[in-house]
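Hi everyone, thanks for coming. I'd like to walk you through one structure today, so please have a look at the screen.

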Amino acid sequence: METARSRQQAASGAFAAFARFALCGGGVGLASSFAVAALASSVPWALANALVTGVSTLLATELHARFTFGAGGRATWRQHVQSAGSAAAAYAVTCAAMFVLHQLVAAPGAVVEQVVYLSASALAGVARFVVLRLVVFARHRSQAAGAAVAARPVRPATAAHASVSAEVAALCRAA
């Protein structure tokens, strides 16, 4: 029974983290789409996308460290570097989507470009959520779970209770 409750809490935690990710990352992504369109009027689109991706990745990583994944503080350099790796993959996806669009449509309108860009960004965003949750911010979550287990008041326990507590802690670290 304790295991089922832990799984339910982990699932609701993942859903809440995804909702925060969508809000923070989606907001930054939406602003980025307008910034790319504006900047692309004076520089090549790929360069505009690269510049905006770099700035938006720094901002989004800070937001995700503070709010999305519960780190509660600033992102570390390691987290920024790992996040940049996932952002580079997202950059490749958005560039590829725009390349394909321009191969299929000779002169797409601004609305069509925005729809394609935002769709590719959303697809890449789901993949980034998984990478950020399971890799970039995973160590912090396991440390927080360990701290929460250590912060609980000590009470007499039976051997069965101790093994259940160890299983719950392991599930929390795995989530």
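Let me begin with a term I'll need in a moment: a polar contact here is a pair of N or O atoms within 3.5 Å, and within protein one of them must be able to donate a hydrogen and the other to accept it. And please keep in mind that what you see is a predicted model.

With that term in hand, let's go to Ser56. Its side chain reaches the backbone oxygen of Thr53 at 3.2 Å. Ser56 sits in helix 2, which covers residues 45-68. Is Ser56 buried or exposed? Ser56 is buried, because its relative accessible area is 14%, and the cut-off for buried is under 20%. Leaving out residues up to four places away in sequence, Ser56 touches Val28 and Ser32.

Now let me step back to the whole chain. The secondary structure comes to six helices and zero strands, so if you read along the sequence, you get α-α-α-α-α-α. There are 175 residues, and 28% of them count as buried. The chain exposes about 10200 Å², with carbon and sulfur atoms supplying 72% of that area. For contacts between residues at least 6 apart in sequence, 69% join residues at least 24 apart.

Phe21 and Phe129 are 108 residues apart in sequence, yet their C-alpha atoms are 7.1 Å apart in space. Phe21 is buried, as its relative accessible area is 7%. Setting aside neighbours within four places in sequence, the contacts of Phe21 include His64, Thr68 and Phe69, and also Gly125, Arg128, Phe129 and Leu132.

Next, the charged residues. As a general point, side chains of opposite charge can pair when their charged atoms come close. How many salt bridges does the structure hold? There are two. One joins Glu62 and Arg66, with the closest N and O atoms 3.4 Å apart. Both of these residues lie in helix 2, four residues apart, which is about one turn of the helix. Glu62 is buried, at 12% relative accessible area, whereas Arg66 counts as partly exposed, at 38%.

The other salt bridge is between Arg74 and Glu62, where the closest N and O atoms are 3.8 Å apart. This pair links distant parts of the chain: Arg74 is in the loop between helix 2 and helix 3, while Glu62 is in helix 2, twelve residues away. Arg74 is exposed, because its relative accessible area is 61%. Through shared partners, these salt bridges join Glu62, Arg66 and Arg74 into one network.

What about disulfides? By the rule used here, the count is zero. As for cysteines, Cys24 is buried at 15% relative accessibility, and Cys95 is buried too, with a relative accessible area of 19%.

Last stop, the surface. Which residues make the nonpolar surface patch of about 400 Å²? They are Phe99, Val100, Leu104 and Val105. Phe99 is found in helix 3, residues 77-104. Phe99 is exposed, because its relative accessible area is 54% and the cut-off for exposed is over 50%.

How values were computed
Residues numbered from 1 in each chain as written. Predicted model: local features only at pLDDT ≥ 70, side-chain atom pairs only at ≥ 80, totals over all residues. Heavy atoms only, no water. Patch = residues over 30% accessible without salt bridge, like charges linked within 9 Å, V, L, I, M, F, W, Y side chains within 5 Å. Areas by Shrake-Rupley, 256 points an atom, 1.4 Å probe, with all protein chains shown as cover. Salt bridge = Lys/Arg side-chain N within 4 Å of Asp/Glu carboxyl O. Helix = DSSP H or I, 4+ residues; strand = E, 2+ residues; numbered from the N terminus. Buried < 20%, exposed > 50% of the residue type's maximum accessible area, 1.4 Å probe, protein only. Contact = heavy atoms within 4.5 Å. Disulfide = S-S within 2.5 Å.
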